[in-house]
Amino acid sequence: MTSSPRPLRGRRLSRAIVLALAPIIVPQTVKLRRVVPLLPEPPQPWEGGGGTDPIRLLVLGDSLAVGVGVDDAADGLAGCLAAELTAATGRPVRWRARGRNGATARDVIRDHLDDALAEPTDVVVISLGANDSMQIRSHRAFRRDITRILRAVFSAHPEAIVLMSALPAFHRFGLLPEPLRTTLALHAQSLEVSARRAFERFPRAHMTPPLPPYGPDHFATDDFHASASGNIEWAQFIVDDAVAHGIAARIPA
């Protein structure tokens, strides 16, 4: 019981540091948006796969979820997760991706959640937090939104499992200048702690640990979003972690 105040202070401190450095990092962010290539979302439809009695996979969230950084949605995170789930379970997968580039958790709730959950779903993979970090949203707001998403998923699909990837490791993003890189990394870590607290309340939900060091081809041409290789890294890690923790065995038959 005595360990709880320390993470709370850390979360408050992360946002305080970011706000204190705002006169420096806001201009850095504006400049970054001017010089980083604006990669488009891949063409729709963001869905594929199928077969007899498939696992029905929904990938929900931000640019990683919808495949920014690749030319074909099948090479995005959803398509790569489908391939990894088939390899792990021996079952075909019907996959779809919903969300948009730049989405925060609040955006997903407002614009995408109801439609995304209207179709039958066995596995939901959430990719959120990067944009919440860059918008310096509070850890309370982020935890509230993640909790709301989890409640909505399990209300619509009680037997589904929900996985969430760890937030991006901004300290590994070489294109980010200092102090923007370190402050974003610190704030992302604080939001991740809050998301993990939300996930602990739901027995059929699991959040991955941080991804190991990125491979040499992890980033797309903008040095920010995941490439096809990066999506394979994410997908392998998410599925391997779900298998190791026994979560994959709970996918509805």
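Q: In which loop does Pro 45 lie?
A: This is a predicted model, in which local features need pLDDT of at least 70, side-chain atom pairs count only at pLDDT 80 or more, and totals for chains, interfaces and linings use all residues. Residues are numbered from 1 along each chain as its sequence is written, and side-chain values use heavy atoms, with hydrogens and water left out. Helices (H or I, at least four residues) and strands (E, at least two) are DSSP runs, numbered from the N terminus. Pro 45 is joined to Gln 44 by a cis peptide bond with omega of about 10 degrees, and its place is the loop between α2 (22–35) and β1 (47–49).

Q: What is omega for the cis peptide bond that joins Glu 178 and Pro 179?
A: Most peptide bonds are trans. Pro 179 is found in the loop between β5 (161–164) and α9. The bond from Glu 178 to Pro 179 is cis, with omega of about 5 degrees.

Q: Is Ile 136 buried or exposed?
A: Ile 136 is in the loop between α7 (130–134) and α8, and has a positive phi of about 55 degrees although it is not a glycine. Accessibility is classed by relative accessible area with a 1.4 Å probe and protein chains only: under 20% is buried, over 50% exposed, and anything in between partly exposed. Because its relative accessibility is 14%, Ile 136 counts as buried.

Q: What is the relative accessible area of Asp 223?
A: Asp 223 is not a glycine, yet has a positive phi of about 60 degrees. Its place is in the loop between β6 (205–207) and α10. Asp 223 is classed as partly exposed because its relative accessible area is 44%.

Q: Which residues does Asp 145 contact, leaving aside neighbours within four places in sequence?
A: Asp 145 belongs to helix α8 (residues 139–156), and counts as buried because its relative accessibility is 5%. A contact requires heavy atoms within 4.5 Å. Beyond its sequence neighbours within four places, Asp 145 is in contact with Ala 105, Arg 106, Ile 109 and Arg 137.

Q: How far apart in space are Asp 107 and Asp 145, C-alpha to C-alpha?
A: Asp 107 is in helix α5 (residues 105–111) and counts as buried, because its relative accessibility is 8%. Leaving aside neighbours within four places in sequence, Asp 107 is in contact with Arg 100, Gly 102 and His 112. Asp 107 and Asp 145 are 38 residues apart in sequence, and their C-alpha to C-alpha distance is 9.6 Å.

Q: How do the residues of the contact of α8 with α9 divide by class?
A: The axes of α8 and helix α9 (residues 180–199), fitted to C-alpha atoms over the stretch in contact, come within 8 Å and cross at roughly 35 degrees, where angles run from 0 to 180 degrees between N-to-C directions. The contact involves His 139, Phe 142, Arg 143, Ile 146, Thr 147 and Leu 150 of α8, and Ser 190, Leu 191, Ser 194, Ala 195, Arg 197, Ala 198 and Phe 199 of α9. In this classification Ala, Val, Leu, Ile, Met, Phe, Trp, Tyr, Cys and Pro are nonpolar, Asp, Glu, Lys and Arg are charged, and the others, Gly among them, are polar. The residues of this contact divide into 7 nonpolar, 4 polar and 2 charged.

Q: Which residues line the largest cavity?
A: On a 1 Å grid over the protein atoms alone, a cavity is a set of points where a 1.4 Å probe fits but cannot get out, and lining residues have an atom within 4 Å of a point. The whole structure has 1 cavity of 30 Å³ or more, and about 40 Å³ of space lies in the largest cavity, a volume being the space filled by probe spheres set on the points. By class, its lining has 7 nonpolar, 2 polar and no charged residues. The lining consists of Ala 65, Val 66, Gly 67, Ala 73, Gly 76, Leu 77, Ala 78, Trp 95 and Ala 97.

Q: Which lining residues lie nearest the centre of the second largest pocket?
A: A pocket is an open set of grid points with protein on both sides within 12 Å along at least five of seven lines. The second largest pocket holds about 150 Å³ of space, and its lining divides into 9 nonpolar, 2 polar and 2 charged residues. Of the 13 lining residues, those nearest the centre are Leu 167, Ala 169, His 171, Gln 189 and Pro 210.

Q: Which residues does Ala 253 touch, not counting those up to four places away in sequence?
A: Ala 253 lies in the segment after α10 (228–244) and is exposed, because its relative accessible area is 90%. Its C-alpha atom is separated by 8.9 Å from that of Pro 54, 199 residues apart along the chain. Not counting residues up to four places away, Ala 253 touches Asp 53 and Arg 91.
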